[in-house]
Every structure is written in structure tokens, then in C-alpha cells.
Protein chains: 2
Amino acid sequence: MLIVCDKEYNANGKLVLKEEQEPCPNEEEVLIKIKAFGINRPDILQKKGLYPPPANASKILGLECSGIAEKVGKNVTSIKEGDSVCALTAGGAYAEKVSVHHWHCFEAPTNLSFAEAASLPESFMTCWTNIFEHGMLERGESILIHGGNSGIGCAAIQLSLWAGAAVICSVRTEEKKRFCESLGCTSVINTQKEDFVKHIDKNFPKKMNVIIDMLGGDFTNKNLQCLREYGRLVQIAFLKGRFPRLDLMQIMKKKLVITGSTLRARSDEEKKRIADLLKKNIWPEIESGKIKPCLYKEYQLSQINEAHEFMENSMHMGKIAVNIP
Amino acid sequence: MLIVCDKEYNANGKLVLKEEQEPCPNEEEVLIKIKAFGINRPDILQKKGLYPPPANASKILGLECSGIAEKVGKNVTSIKEGDSVCALTAGGAYAEKVSVHHWHCFEAPTNLSFAEAASLPESFMTCWTNIFEHGMLERGESILIHGGNSGIGCAAIQLSLWAGAAVICSVRTEEKKRFCESLGCTSVINTQKEDFVKHIDKNFPKKMNVIIDMLGGDFTNKNLQCLREYGRLVQIAFLKGRFPRLDLMQIMKKKLVITGSTLRARSDEEKKRIADLLKKNIWPEIESGKIKPCLYKEYQLSQINEAHEFMENSMHMGKIAVNIP
């Protein structure tokens, strides 16, 4: 089968396609013939050698895909051969085929294209656990989501609205602002035009219950300023800096919580738990069209380097997916 | 009545005694004729102008006391005149009398001296909420307590042992180490002789569920290294530095929580909630002698400056109290 190879990246700065032996599913796994895969920011970091895959994971890039179940292990009852599925992968989705634990496979929503279905698992699983489990967002609370236009941002906005929260987000252009407003946000801040701390102070004087942040750096203490008593800051990446200077006094005075998580490093059991919650609560909302995949741009497999470049330039408003012919 | 006045502190570096009008209890308050009060580290900071009292609080120093209920407000039924009590005060305990909301008064345990009873409320309330509420320590978990010899440390060690946790603490001398061992700690680290991160790595390879820290500064990231997955770092002061450099990657990878709180800034209702939990769970253990006040040294009112100096030199192993004749 063809795979996208990142081994040459450091030499010539490009991903290349390469033939490799196809994976063999074990008793618990489903072999998926991939129709599309999603591009995620960790893929860029992994390609650059900044985010090594976990010890037992595939060395091939790619954290989510959709396709057809081609072969199922003998203990798999939830999925049968020929089913349309999408899945969270522990790596290996930048390929024509991948083996995935059946726990991490979803039925592909019948109203979505393969590219749309491929763009669901990573963002929605990441957002579910960080917003509701680590962030403990509840109905009637407020949430600030930085980078609302990102793939993660779109999923976070929709899940938070679904949960009955007031949703504020930050973006960096007017076009992205209009996009986030169209998703139903209570308020969208263009941080190129306005300081988000001042915006929150002025428009939401009670401040925020939860903040989802992928930036870190100088955003960290600003985030603490935007939280109300017992507020929770949930860190899911640190594009602006891994080592911010933390103000312990703010944490103590307002009894704040700083927490965060990654999805990839989790056990199979934890991923199953999160997937099951999405299947129960969110998949029906996607099937009914109330929650949308927010796919922004599709590429063909031969355009993989353009797809990466597009994400690296942060031009997207939603997800980017790659189709396999 | 006599009070300890810190107004002159900045001029001559000394606290002085001064006459002032006695407070008048409202309908919900108890006027306590003070027999003893506890010294707490925030008193030192307040004296130096580094920790201003909350807006509605007494400007007089002092966060806890014991004594006799001299007058009770007309809505007070839990305490009657002549009762021996101890209390958390919102300030004002460095005096011959203080008015306190009856919610924040405890029966003085019958087996304790007034000086011992005076040293209970602040430490035990601080430790209860930070260990069990913010730190969510559970039976069978492990906790690392820095400064185990402090007043807070002694209370934290005893509450954690009572809850069925493995208790590790850090101190800075061999004498303090022996003292903490005598309280029943599983392991005590002398940080002058041994790096606490290495000690935890070697002796507790699964690492800690909870850390109670009053230091901050360079301890913060070391603490994160000592936490296991889903571990909680609870900050209750920052004697080594308010603005540590935080490693967001550690938080995300291990799904850690950094949190903390202060007691003084809380609402009367919150303080009542914490006091009620102590009355129910811990006061019987104190009455039976299983949990001890750990009073280390007593002073007379005229020796108030010596008492402060003793705390500032960190020579104590337990609490310091001042008796009023």
C-alpha cells in the first residue's frame, strides 16, 4: 500500500509517497481501507521531529481517518466488513490502509462525505474530554475558546453551545470572526484589533468559568485574569510558548485550576471511554445536522505537501482533509 | 481593651500594645474574651504591608484565637455566654477581645489548653479545604507535604494520615525530620541533604497523587515532576517565589491539575462550610487525642515581637501561640 513518508522531511522539506506492506489487524482490530484522513497540527510537529509518536504507535503520520472496514478481527462485533467508518488512529492514517482497535471506530454519519467524517474523531474527542471532563463546563456557564477558527475551535464552539454555555472565542482576522459568529458564538474577539482581557472585563464583568487555550506563552497569565472564582484553564497546546511565567497569587486568590491533556498518549481504555460518550451524545446531533464537521478544504493525496503548508499558514477556518482515490 | 498595633511597624520595626475601644457584636456574632491567639505566617506579611486585610475585615492582626464567650448576639443559639471557644477570625485576634460570626466558632476541645485550642482553626481549616476539596485526596493515595514541620504542615500530615493516605513530607533539618517522623509520616526528606525529586523517583516510582506546597519558585516544576498521572498540585503560599516558570507540557502529558486557595478571602458561608466539616469529622479526633494541636511554643502578650521573630526564623516545629493574662 501507499503511505506518506516523513523520513525525508528533514533532508528536503517535503513529504513523499512510498510503498509499504499493509498492516495486519489483530483479533480486536479493524483494517480500514482509507477514503480520507484529517490533517492535525500535531502532524506538523511530528513531521518536524518535535512530537515523537508514543512507543507502541505506528511511525506513519495521521491521527484520524474514514473509509470502509475491509477486514475485522474475530473478537470484533460492533463493526462488520463493508461498513463505512471513521476512526481515531494511534498514527498511521496517512496511508491507504490502517488497523485500528474497534473501540476507536465510529459509524461514519450517513449524511457526511468521507472527507467530512475523517475530520471528526481527533477534534471532537479532544474537545469532549478537555471541555467537559478536565474543564467541567456546565450548563449556564461561560467559556472562552482561543483560536475559534481552528478545527479544534469549531468543535469546541459547537460542543459548548450544545451543552448550554455562553461561548466567547478569539481569532486573528475579521473573516475568521464572521465565521465564528456564524457558528453561534455569543461574542468573538479579534485579538489583532482588541486586547482579549479588556474585552472580557468590559463585556463579561463576571468573567469566564472555563478557558480552552492552545497558545500558552503570554496568554497564560492573561487567561488567569479572565477567569472568575473557581475558573478552569485547560491547556491543549502551547503554540506561543511552553514555559509561561505563572502568577501563583491569582490561582490562590480565585481558587483557579490550571489543567490540560493530550489525547494521543492516553490508554486504549480511556480513548474508548471518550469515544463511547461521543457516540451516545454527539453522533445523533451530527446525523441530524445540528452539529457540523466544519470541513474547510479538501486535498488529494498527491497534494499532501500543499495541505500541510495550508495548515502551517493558519489560513483555515475548520478542518483540512485529504482524499485517497 | 489592649490590642497589638502594627501601625508603627514600618517606622521602628516593632509591634506595640495600644488601648482601643472594644468591638460590639452584632446579632450573629460572639464577643470572645481572648485567652490566647495563634501566630500565622500571613500575620508577618500583613505587618510588613505585603498582605493587606480584605476590605471589610478588622485592621488588627490575628486570624485565630481561643477564649470565653462573653456576650452572644440575639440570633446565636450554638454558643452561650461563658462557653470556652476557639474561632477563626477575619482579623482582630491580636487583642483582648474580638467579635466573631458564630458560624466560625468551635467548642474548645476539653482536653486542650487555651493556647492549644487557639492554634487549631486557621491551620486545620486551611488544610481541610486544600487537601480534601482542592487536592481531592482519597484513601490509599499518596501526598507530599512541603514544610512538614510548620503549623500547616503538622495539621496537613495528621489530616492526610487520618484519611488513609501515604504521607511524605519535606523539611530542612534533621531535628525537623525526626519531628515529622514522630507524627507517623511514611517518609521524610531533608531537602538540605537530598533532592526531593530524586527521593520520590527512587522511593515512590509511581509518584504522588497530591502535593501541598507553600514554596512555589523553583519548587513548582519540580513538584510537577513528582506528580503521577492525574496528580494535583495545591498551592497555599509561595515563600520561594510568586512567578515560577511553568512547564505546560508536563501538565498536558500527565493531565495534572495546579490549583490552590487562600482561606481569608472566602465568604462567611464558605468558611462555615469548612468549619462544619471539621466539627463533624476532626473535632472528635482531637477530643480523643488522636489528632494533636502540635503547639510548639507559647509566649506572653508582652513578648509579641519575640514570637514573630521566632516564626520569621523558621525555628518552629508546629504552632506558636500567645497567651493573654
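Two strands are taken to pair if DSSP finds at least two bridges between them. In this predicted model, 12 strands form an open sheet with mixed pairing that runs through both chains, in the order β10(A)-β9(A)-β8(A)-β11(A)-β12(A)-β13(A)-β13(B)-β12(B)-β11(B)-β8(B)-β9(B)-β10(B). The edges are held by β10 (187-190) of chain A and β10 (187-190) of chain B; each has a single partner strand, so one side of each is left without a neighbour in the sheet. From one strand to the next, the twist averages 15 degrees.

Helix α6 (residues 174-182) of chain A lies across β9 and β10 of chain A, at about 170 degrees to β10(A).

In chain B, helix α7(B) lies across β8 (142-146), β9 (166-171), β10 and β11 (208-213), running at about 150 degrees to β10(B). Helix α7 (residues 196-203) of chain B also packs with helix α8 (residues 219-226) of chain B, at an angle of about 5 degrees and with the axes 9 Å apart. Angles under 35 degrees count as roughly parallel, and α7(B) and α8(B) are therefore roughly parallel to each other. Phe196(B), Val197(B) and Ile200(B) of α7(B) meet Lys222(B), Gln225(B) and Cys226(B) of α8(B). This contact comprises 4 nonpolar, 1 polar and 1 charged residues.

Chain A is assigned domain 1 (2-120 + 264-323) and domain 2 (124-260), whose C-alpha centres lie 27 Å apart. Their contact takes 15 residues from domain 1 and 12 residues from domain 2.

Methods
Residues are numbered from 1 along each chain as its sequence is written. Chains are lettered from A and ligands numbered from 1 in the order in which they are written. This is a predicted model: local features need pLDDT of at least 70, side-chain atom pairs count only at pLDDT 80 or more; totals for chains, interfaces and linings use all residues. Axes are lines fitted to C-alpha atoms, for helices over the stretch in contact, and angles run from 0 to 180 degrees between N-to-C directions. Helices (H or I, at least four residues) and strands (E, at least two) are DSSP runs, numbered from the N terminus. Angles under 35 degrees count as roughly parallel, over 145 as roughly antiparallel, 65 to 115 as roughly perpendicular and the rest as oblique. Two residues are in contact if their C-beta atoms, placed from the backbone, lie within 7 Å. Ala, Val, Leu, Ile, Met, Phe, Trp, Tyr, Cys and Pro count as nonpolar, Asp, Glu, Lys and Arg as charged, and the others, Gly among them, as polar. Domain bounds come from an automatic or database domain assignment.
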